[in-house]
Amino acid sequence: MNDGQTVNYRRKYAAEAQALQHIHPLQSLWLIARQWLVIAAALALPFIVLEFHGGAGSLSAAGWAAVAACFALSFFLVACKQHALGIIMHDATHYRLFSNRRLNELASNWLCAFPAGMVTSCYRRGHLPHHVFTNRPNDPYWARLVEDPAYRFPQSRQSFGRLLLRDLFGLNFAAWRPILRYWTGWGAVIDNREKLLTGSERLQFAAFWLIVAAAAIASGVWPWLIVLWLLPLHTLCLAFMRVRIVAEHNLDDSGPELSHTRHVDASWLERLTLAPLNINYHIAHHLFPSVPLHNLPRLHALLLRDPVFRAQAMLWPRYFGKNDKGLMNSLLR
């Protein structure tokens with residue numbers, strides 16, 4: 001019987017995967033719009049509650065508690081949706097958002113990447129080699145992460161808990177910089193000696209943030225831009241990303257995808273926070289990166305019909321779960 005290291009799943013399921021590769025522009029637009037509708041509602045919520053209680057000058061203790069709870073919920077939801085926008089940009093990295101590549105880049109940059117301080121082409125520069133050379137020296141992600149003690153497992157629960165707390169308080173930002181340097185546009189706008197961005201991309205990125213900054217200052221909402229956008233982006237969102245990055249690959253294995261790429265079913269809360277928009281279907285994505293994110297569940301269901309795949313693939317019910325159901329529990333001692 002063949003094992004997971006000799007079955008060529010790309011060849012075996014090429015026809016089925018090709019049928020799932022179709023890009024639907026309206027579906028992509030609605031996908032982006034859904035994230036921004038939630039973001040808009042989250043940002044408006046605390047101010048609606050504040051007005052409902054008669055404004056800041058007339059708030060009771062209970063009113064202040066309600067407003068504070070709404071601000072916390074807004075912060076949380078914005079971080080979740082910032083993470084989701086990054087996953088949509090990830091699909092655009094594989095040209096899966098729109099068939100027209102110019103439209104793919106413009107929509108990805110202006111509606112997903114730029115708001116997170118990122119540029120699609122910068123992310124693509126490291127991400128496509130990651131797919132070709134996964135867990136090998138030419139994989140830029142692997143090469144960087146295996147040198148970082150924060151990504152060496154198993155490690156103690158206390159150590160990993162401290163890492164997440166430092167992410168939440170923005171204390172790990174210096175450690176994130178080498179990774180983010182090649183995903184974001186900030187540095188390349190100022191110093192582009194490495195030619196990370198084209199002239200057009202530099203101009204567009206700078207124009208986006210100049211427009212945002214000018215609008216925020218003119219309307220007087222610039223403190224909320226900092227508190228309810230930039231702060232969650234550089235704290236809670238990074239904590240979510242850390243868990244996902246740890247979960248996606250076994251960095252100690254350089255074999256085929258089934259031995260080092262993991263799939264996690266995930267609870268609804270984990271799908272909201274750690275694995276938005278089907279990024280948890282990571283084995284299916286690595287086998288067929290040309291399949292858009294909305295079709296990954298169908299592709300995974302197809303693969304699960306294969307008994308060899310079921311036996312060999314690294315399949316987990318949860319990121320965090322009791323006993324042997326939680327992937328992260330298996331990495332922490």
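How many salt bridges does a search of the whole structure find? The search finds four salt bridges, a salt bridge being a side-chain nitrogen of Lys or Arg within 4 Å of a carboxyl oxygen of Asp or Glu. The structure is a predicted model, in which local features need pLDDT of at least 70 and side-chain atom pairs count only at pLDDT 80 or more, while totals for chains, interfaces and linings use all residues. Residues are numbered from 1 along each chain as its sequence is written, and side-chain values use heavy atoms, with hydrogens and water left out.

One of the salt bridges joins Asp306 to Lys12, with 2.6 Å between the closest N and O atoms. Asp306 lies in the loop between helix 17 (296-304) and helix 18 (307-312) and Lys12 in helix 1 (residues 9-12), so this pair ties together parts that are 294 residues apart in sequence. Helices here are DSSP runs of H or I with at least four residues, numbered from the N terminus. Asp306 counts as buried because its relative accessibility is 5%, whereas Lys12, with a relative accessible area of 47%, is partly exposed. In these terms, buried means under 20% relative accessible area, exposed means over 50%, and partly exposed is in between, with a 1.4 Å probe and protein chains only.

A further salt bridge is formed by Glu105 and Arg124, whose closest N and O atoms are 2.6 Å apart. Glu105 in helix 5 and Arg124 in helix 6 are 19 residues apart, and the pair links distant parts of the chain. Glu105 is buried, with a relative accessible area of 17%, and Arg124 is buried at 9% relative accessibility.

The side chains of Arg242 and Asp167 also meet in a salt bridge, at 2.5 Å from N to O. This pair links helix 13, which holds Arg242, with helix 8 (residues 157-168), which holds Asp167, across 75 residues. Arg242 has a relative accessible area of 3% and is therefore buried; Asp167 is likewise buried, at 2% relative accessibility.

Two loop residues were also examined. Val119 is placed in the loop between helix 5 (101-113) and helix 6 and counts as buried, at 0% relative accessibility. Phe153 is in the loop between helix 7 and helix 8 and is buried, at 17% relative accessibility. The C-alpha atoms of Phe153 and Val246, 93 residues apart along the chain, are 9.1 Å from each other.

Pockets were located on a 1 Å grid over the protein atoms alone, a pocket being an open set of points where a 1.4 Å probe fits, with protein on both sides within 12 Å along at least five of seven lines; lining residues have an atom within 4 Å of a point. A volume is the space filled by probe spheres set on the points, which are joined across faces, edges and corners. The largest pocket holds about 930 Å³ of space. Its lining comprises 47 residues, and Met118, Ile179, Leu180, Trp183 and Met241 lie nearest the centre. Elements giving two or more residues to this lining include helix 4 (61-93), helix 6 (120-132), helix 7 (140-145), helix 9 (173-181) and helix 13 (236-248). By class, the lining of the largest pocket has 26 nonpolar, 14 polar and seven charged residues. Nonpolar here covers Ala, Val, Leu, Ile, Met, Phe, Trp, Tyr, Cys and Pro, charged covers Asp, Glu, Lys and Arg, and polar covers the others, Gly among them.

The second largest pocket has a volume of about 300 Å³. Of its 14 lining residues, Trp36, Ile39, Leu43, Leu225 and Trp229 lie nearest the centre. Helix 3 (25-52), helix 11 (199-219) and helix 12 each give two or more residues to the lining, and helix 3 gives the largest share, five residues. The lining of the second largest pocket has 14 nonpolar residues, with no polar and no charged ones.

On the surface, Ile217, Val221, Trp222, Trp224, Ile226, Val227 and Leu231 form a nonpolar patch with about 640 Å² of accessible area together. Such a patch is made of residues with over 30% relative accessible area and no salt bridge, nonpolar side chains (Val, Leu, Ile, Met, Phe, Trp, Tyr) being joined within 5 Å. Accessible areas come from the Shrake-Rupley method with a 1.4 Å probe, and for residues only the protein chains shown count as cover. Helix 12 provides the largest share of the patch, five residues. Trp222 is located in helix 12 and is partly exposed, at 46% relative accessibility.

How values were computed: Patches are made of residues with over 30% relative accessible area and no salt bridge: like charges are joined within 9 Å, nonpolar side chains (Val, Leu, Ile, Met, Phe, Trp, Tyr) within 5 Å.
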